[in-house]
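Here is a friendly note to read alongside the structure. Take the points one at a time, and keep the 3D view open as you go.

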Amino acid sequence: MHPRTGLAIFITSAVLIAVAYGAAFLPGGAPRWAPFLLAGGTAGTMTGAMALGASRPGRRLGSLAFVFGAAFLIIAGGFAAALLLPAEVPTSQLWLGLPARAAILIYGIGLLPVVLLPFAYAATFDRVTLSEQDLAEFRARSAAARGAGPAPADEGEPGRPA
């Protein structure tokens, strides 16, 4: 996945969210599809932001693209499942102490990606993070920006030690 793909996903998803919100102003209220559009747009903005954060110029995301796709499916599927479930009644079954819809939102959308993504990051750390060449280039640019000398000491405010 290219960095522009992550940006395109993010922008497209933001447009979907705007359309879903705009649909609420239609005569007769929001149509039945509007919450699903909002759910898909929300999942897309989250996934697009993850892709933008993990992308590097000149490098593809590789296996992280599949992880982000899985995260999108988990998040969008969780929202859709919560929207499709019938309303709770006092005799509804609890899932791990919560009503079904709340359990899907908290455990499925909130907790599952938080467990999945760190493992994916750890598995791809060496390929995705800074290489020795990138680090050397960063240090060279940093030294050039400072004028190849040490950073000036902060003088502090008058009357206060530095």
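1. A word to start with: a residue is called buried under 20% relative accessible area, exposed over 50%, and partly exposed in between. Glu137, with a relative accessible area of 38%, therefore falls into the partly exposed group. Please keep in mind that this is a predicted model.

2. Now for the overall layout. The chain contains six helices and two strands, and along the sequence they follow the pattern α-α-α-β-β-α-α-α. Of the 162 residues in the chain, 23% are buried. Looking at contacts with a separation of 6 or more, 60% are made by residues 24 or more positions apart.

3. Let's turn to how helices pack. Two packed helices are described by the angle between their axes and the distance between the axes. For helix α2 (residues 34-54) and helix α3 (residues 63-84), the axes come within 9 Å and cross at roughly 160°. Angles over 145 degrees count as roughly antiparallel, so α2 and α3 are roughly antiparallel to each other. Their crossing is right-handed.

4. Which residues of α2 and α3 meet? On the α2 side you will find, among them, Pro35, Phe36, Met46, Thr47 and Met50, while the α3 side includes Leu64, Phe68, Phe72, Ile75 and Phe79. Sorted by class, this contact has 18 nonpolar, four polar and no charged residues.

5. Helix α3 has another partner to look at. At roughly what angle do the axes of α3 and helix α4 cross? The axes of α3 and α4 (residues 100-123) cross at roughly 175° and come within 9 Å. That angle is why α3 is described as roughly antiparallel to α4.

6. Is Gly69 buried, partly exposed or exposed? Its relative accessibility is 31%, so Gly69 counts as partly exposed. Gly69 and Gly48 are 21 residues apart in sequence, and their C-alpha atoms are 9.9 Å apart in space.

7. Next, a backbone detail. Most residues other than glycine have a negative phi. Leu96 has a phi near 50°, a positive value in a residue other than glycine. You can find Leu96 in the loop between β1 (94-95) and β2 (98-99). With 72% relative accessibility, Leu96 counts as exposed.

8. Finally, back to Glu137 from the first point. Side chains of opposite charge can pair when their charged atoms come close. The structure holds one salt bridge, and its partners are Glu137 and Arg141, whose closest N and O atoms are 2.8 Å apart. Why are Glu137 and Arg141 separated by about one helical turn? The two residues are four residues apart in helix α6 (residues 132-146), which means about one helical turn between them. Glu137 is partly exposed at 38%, whereas Arg141, at 58% relative accessibility, counts as exposed.

Key
Residues numbered from 1 in each chain as written. Predicted model: local features only at pLDDT ≥ 70, side-chain atom pairs only at ≥ 80, totals over all residues. Heavy atoms only, no water. Axes fitted to C-alpha atoms, helices over the stretch in contact; angles between N-to-C directions. Parallel < 35°, antiparallel > 145°, perpendicular 65-115°, else oblique. Left-handed = near helix turned anticlockwise from the far one by under 90°. Contact = heavy atoms within 4.5 Å. Nonpolar A, V, L, I, M, F, W, Y, C, P; charged D, E, K, R; others polar. Buried < 20%, exposed > 50% of the residue type's maximum accessible area, 1.4 Å probe, protein only. Salt bridge = Lys/Arg side-chain N within 4 Å of Asp/Glu carboxyl O.
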